[in-house]
Amino acid sequence: MDMQTASRDLVCTVHGDAKFRNLPWNTTGGGISVTKFGNKYFAGAKLEDSVTIGKRVKLVANASRMAGCGQVAHGGGVEITARGKDYPVREESVTAAVSALSFEKETVIGANLQSDFRVGCGSKISVNANLNSRNIGKLSIRTSTSDHTEIALIAVVSLIQFILRRRSTAADKGEQESDETYLDD
């Protein structure tokens, strides 16, 4: 059960899911949820199937539906994960996913790519990029290390410097454009 506030109302969600292994390489699962927001109720259900191909490849497909207040949203996705040949010792993997969401005659399609790999004995990098059909996306790079915290600090300082340089460059371009506007008048 989840509870959170939204303005003056309380959003309460009760959800549950279950998974069972019907074959050594196949896991099937499903779930339901009910959400109360103000005096409105929304109900949802999902179905998921996971197939392991060999020791290194995993394929997951899911479909879901949520309805309430006369509106219905449908969604689904497919995800494939390829693990490194030394998995689970090195925990390296690449995941590609495609999803679709349909609501009120509009469909949004999204794609996601994630890669996890080790850099040295105690360092790990995770890169995640996603983009959808509305041209909204995100790129994130996460590092973790258990060897030397200096490496992490250098990466953080470099990232902050890059962001500050980019902002100052964008601000300089904005000032140049406004100066050119005044000169043309």
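Student: Let's start with Glu 79, then: what is its relative accessible area?

Tutor: Glu 79 has a relative accessible area of 34%, so it counts as partly exposed; buried means under 20% and exposed over 50%, with partly exposed in between, using a 1.4 Å probe and protein chains only. Please keep in mind that this is a predicted model, where local features need pLDDT of at least 70 and side-chain atom pairs count only at pLDDT 80 or more, while totals for chains, interfaces and linings use all residues. Residues are numbered from 1 along each chain as its sequence is written, and side-chain values use heavy atoms, with hydrogens and water left out.

Student: Where does Glu 79 sit, and what is it in contact with?

Tutor: Glu 79 belongs to strand S6, residues 71-83; strands are DSSP runs of E with at least two residues, helices are runs of H or I with at least four, and both are numbered from the N terminus. If we leave aside neighbours within four places in sequence, Glu 79 is in contact with Lys 58, Leu 59, Val 60, Thr 95, Ala 96 and Ala 97, where contact means heavy atoms within 4.5 Å. Val 98 is 19 residues away from Glu 79 in sequence, and their C-alpha atoms are 6.5 Å apart in space.

Student: Which strands does S6 pair with?

Tutor: S6 pairs in the antiparallel sense with strand S5 (residues 57-68) over 12 bridges, and also runs antiparallel to strand S7 (residues 93-103), to which 11 bridges join it. Two strands are said to pair if DSSP finds at least two bridges between them. To find the pairings on your screen, look for Arg 65 opposite His 74 in S6, and for Gly 75, whose bridge partner in S7 is Leu 101.

Student: Zooming out, how many helices and strands are there?

Tutor: The protein chain has 1 helix and 10 strands, and the order from the N terminus on is β-β-β-β-β-β-β-β-β-β-α. The 10 strands form an open sheet in the order S1-S2-S3-S4-S5-S6-S7-S8-S9-S10, with antiparallel pairing. Its edge strands are S1 (2-6) and S10 (137-145), each of which pairs on one side only. On average, neighbouring strands of this sheet are turned by 15° against each other, direction ignored; such angles use axes that are lines fitted to C-alpha atoms, for helices over the stretch in contact, and run from 0 to 180 degrees between N-to-C directions.

Student: What about the turns, say between S3 and S4?

Tutor: The hairpin of S3 and S4 has 2 residues between the strands, and Gly 38 there takes a positive phi near 65°. Strand S3 (residues 26-37) is joined to strand S4 (residues 40-53) by 12 bridges, with Thr 28 and Asp 49 as one of the bridge pairs. The hairpin of S4 and S5 has 3 residues between the strands, and Gly 54 in its turn has a positive phi of about 70°. In the hairpin of S5 and S6, with 2 residues between the strands, it is Cys 69 that takes a positive phi, near 55°.

Student: Changing topic: how many salt bridges does the structure hold?

Tutor: The structure holds 3 salt bridges, each being a side-chain nitrogen of Lys or Arg within 4 Å of a carboxyl oxygen of Asp or Glu. One of them joins Lys 46 and Asp 17 at 3.9 Å, N to O, and this pair links strand S4 to strand S2 (residues 9-23) across 29 residues. Glu 48 and Lys 19 meet at 3.7 Å, N to O; Glu 48 lies in strand S4 and Lys 19 in strand S2, so this pair ties together parts 29 residues apart in sequence.

Student: And what is the N to O distance for Glu 106 and Arg 134?

Tutor: The side chains of Glu 106 and Arg 134 meet at 2.5 Å, N to O, with Glu 106 in strand S8 (residues 106-118) and Arg 134 in the loop between strand S9 (123-132) and S10. Glu 106 is partly exposed at 38% relative accessibility, and Arg 134 is partly exposed too, at 48%.

Student: Last one: what share of the residues is buried?

Tutor: Buried residues make up 16% of the 185 residues in the protein chain.
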